[in-house]
Amino acid sequence: MDNELRLFPRLAWSRVRGQLEYRLSFALMLIGYFVMTLADFLAIWVIFQHLPLLAGWSLGEVAFLYGTSYVSFRIADMVVGHLDMLPTLVRTGALDTVLTRPLGSLYQVVTIDFGLRHVGAIAQGLVILVIACTTAGIPWDAGRALMLLVTIACGTAIFIAIWIVGATTVFWTLGSGLEVLNAFTYGGNQMANYPINIYAGWLRRIIAFFVPLAFVTYFPSLYILAREDPLHTPELLRFASPLVALAALLVARAVWGQGIRHYQSTGS
Amino acid sequence: MAIIEVRDLSKQFRVARPREGARGPLARVRREYTDVRAVERVSFDVEPGEMVGYIGPNGAGKSTTIKMLTGILVPSGGRLTVAGFEPSRQRKEMARHIGVVFGQRTQLWWDLPLADSFTLLKHIYRVPDERFAANLGRCIDTMEMAEFLRTPVRQLSLGQRMRGELTAALLHNPEVLYLDEPTIGLDVVAKSRIREFLTSLNRDAGTTILLTTHDMGDIERLCRRVIIIDRGGILYDGDLERLKARFATERTLVVDLEEPAPALDVPFATVERVEGPRQWLRFQRADTSAAELIAAVARAARIVDLRVDEPSIEDVVLRIYAGAAKGIAINDPSPG
Ligand SMILES: Nc1ncnc2c1ncn2[C@@H]1O[C@H](COP(=O)(O)OP(=O)(O)OP(=O)(O)O)[C@@H](O)[C@H]1O
Ligand SMILES: [Mg+2]
């Protein structure tokens, strides 16, 4: 594990250098990111125009849920987003090389790329979050500030876990993997964005406990926002996100391990 | 003690095919599965310092075996240890002790200069500075790589890249080196350069080498021992010379004469084919040597050009089957 951590900057830098090798395309890429980021910031305005006043939540509160979930999701995207290359790695047999090296396979797939381009989207989420923090009427204190950081960290971990599990399905469903993955990750983000009491009961239970999206932001936010839970769940759940995140990561690691054992490589 | 131990190793692949007549969106869901038996109950040992040719026709199961030995694939059955490790369960630990080159894949960083791949691998395998410098230096000298070290990998020729791949696989002084078709697509010069390098590596560093190839020339130059696999099972395991004496007995002399002539009449050879001035003469290793035959032909006609064709691996496999049908013992009683 220490070898993996030590190598990270070197591998990340090699990716940036690899991109620099193609100078023109790197310049185009930078322009692209800039335009995308600009569009992201324009989108904030649109988002605030359209955030619904849902089931007894104020605009500021909804923005707070949206912002925390969005920032977590975007950080997770930066770290593991290129797992969507996994179907290609499997199909081309490039995963073979990964498996002959003295490093963790998941680690190597994740460091195949470094998602610099996501910085803009993370910044966008942070702006939404800052606006929400000042308008949601939060009774700020040290505990709540700390809880905000914990929430984002746990949310990121949960999204990373979902991403990994979603990507791993490719080992069983060769070919149709990408759609499944996107349903998990982007769909999950969409759901976590809104207060879960707007969903039907059965869906709510799945979101809360099976794919633990409710722990990304809903439960901890109840504490930060000092709100009654319209669903009257036990208070303890508001502080359970770190445990849930840890469990999610462990499950993801186990599922990945099973996936690798199922890896069949290619015939040529 | 054997450095590679393989016992009853098997691998089945589960492959899906759409159900007959299935159409539309559900065709992918409603699939039937069949098992392809790629490797079936294969057993062999390789001693430290051996250089073994693992050969057989297309689809025989060579690459699948190597993928199990390297920990890429989890076996469906049987046991194997490599340098004391169980590949699929101790993959990461074992990786420091083995090197792998797949002729059809690359382990180099496509978009970086070749030298940068070596530096990254140095850090991945934690090779000490002096050892790295020594190993790299030796490869650069013996395989003449100095002039393309700064070239991005994607711009290298196949032969240059293959020298890079070999270097990359050897920077950490592996005890075992697996080569899956290392000379595929290379020209004569590039092939012989790689063969020479492998010979010296095996001689000087004592590296154990297991290599697959479709090129009998590779085998003749490099291996004293061959393992022949076909349809997932081992057909022959033993000395190359004995194999040749027993099953690769038939060779062909191809001569280009100065002018078209009727089929030549020389002892111990039968003319198989005549095409203008070119004739194909089949002869048995036991009856006559190529040199004697060439001399005999030269007495009968003027030779412009000639070559001797060795039987291909596919021919040898066919003859082993034919021999087995006649009850000839296949396996060498004293392998290695
Ligand atoms: N990933 C895979 N999925 C399904 N079938 C496979 C896979 N890999 C190999 N096979 C099948 O297993 C058998 C053995 O294949 P393998 O690649 O080991 O052969 P090989 O001896 O390396 O042949 P070649 O000389 O063509 O490289 C073949 O029938 C092949 O179709
Ligand atoms: Mg092969």
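Before moving on, a word about what is on your screen. This is a predicted model, in which local features need pLDDT of at least 70 and side-chain atom pairs count only at pLDDT 80 or more, while totals for chains, interfaces and linings use all residues. Residues are numbered from 1 along each chain as its sequence is written, chains are lettered from A and ligands numbered from 1 in the order in which they are written, and side-chain values use heavy atoms, with hydrogens and water left out.

**Stop 1: around K122(B)**

A salt bridge is a side-chain nitrogen of Lys or Arg within 4 Å of a carboxyl oxygen of Asp or Glu.

Now select residues 114-124 of chain B, which make up helix α3 of that chain. Helices (H or I, at least four residues) and strands (E, at least two) are DSSP runs, numbered from the N terminus. Ten of the eleven residues of this helix are buried, so the helix is largely enclosed by the rest of the structure. Among the buried ones are L114(B), F118(B), L121(B) and I124(B). Step just past the end of α3(B) to find R126(B), which takes a positive phi of about 50°.

**Stop 2: salt bridges in chain B**

Over all chains, the whole structure has 31 salt bridges. For one of chain B's, select D45(B) and R7(B), whose side chains meet at 3.1 Å, N to O. This pair links distant parts of the chain: D45(B) is in strand β2 (residues 31-46) and R7(B) in strand β1 (residues 4-18), 38 residues apart. D45(B) is partly exposed at 26% relative accessibility, and R7(B) is partly exposed at 29%.

Next, go to R307(B) and D309(B), which form a salt bridge of 2.8 Å, N to O. R307(B) is partly exposed, with a relative accessible area of 39%, and D309(B) is partly exposed at 26%. For a network, select K191(B), R195(B), D215(B) and D218(B) together: salt bridges that share partners join them into one.

**Stop 3: the domains of chain B**

Zoom out and colour chain B by domain: domain 1 covers 4-244 and domain 2 covers 249-309. These bounds come from an automatic or database domain assignment. Taken over C-alpha atoms, the centres of the two domains are 38 Å apart.

**Stop 4: rings in chain A**

Switch to chain A and select Y66(A) and Y70(A). Both lie in helix α3 of chain A (residues 59-80), four residues apart, about one turn of the helix. Y66(A) is buried at 11% relative accessibility, and Y70(A) is buried at 8%.

Rings of Phe, Tyr and Trp (its six-membered ring) pair if their centres lie within 6.5 Å; planes under 30 degrees apart count as stacked, over 60 as edge-to-face and the rest as tilted. F73(A) lies in helix α3 of chain A and F159(A) in helix α8 (residues 142-168) of chain A, so the pair ties together parts 86 residues apart in sequence. Both F73(A) and F159(A) are buried. Include W163(A) as well, and you have one aromatic cluster made of F73(A), F159(A) and W163(A).

**Stop 5: ligand 1**

Finish by selecting ligand 1, which lies between chains A and B. It is surrounded by 18 residues, the closest being Q264(A), K62(B), S63(B), T64(B) and H214(B); a residue counts here if one of its heavy atoms lies within 4 Å. Draw distances from the oxygen atoms of ligand 1 to side-chain N or O atoms: 2.7 Å for S63(B), 2.5 Å for T64(B) and 2.7 Å for H214(B).

How values were computed:
Buried < 20%, exposed > 50% of the residue type's maximum accessible area, 1.4 Å probe, protein only. Polar contact = N/O pair within 3.5 Å; in protein donor to acceptor, adjacent residues only side chain to side chain.
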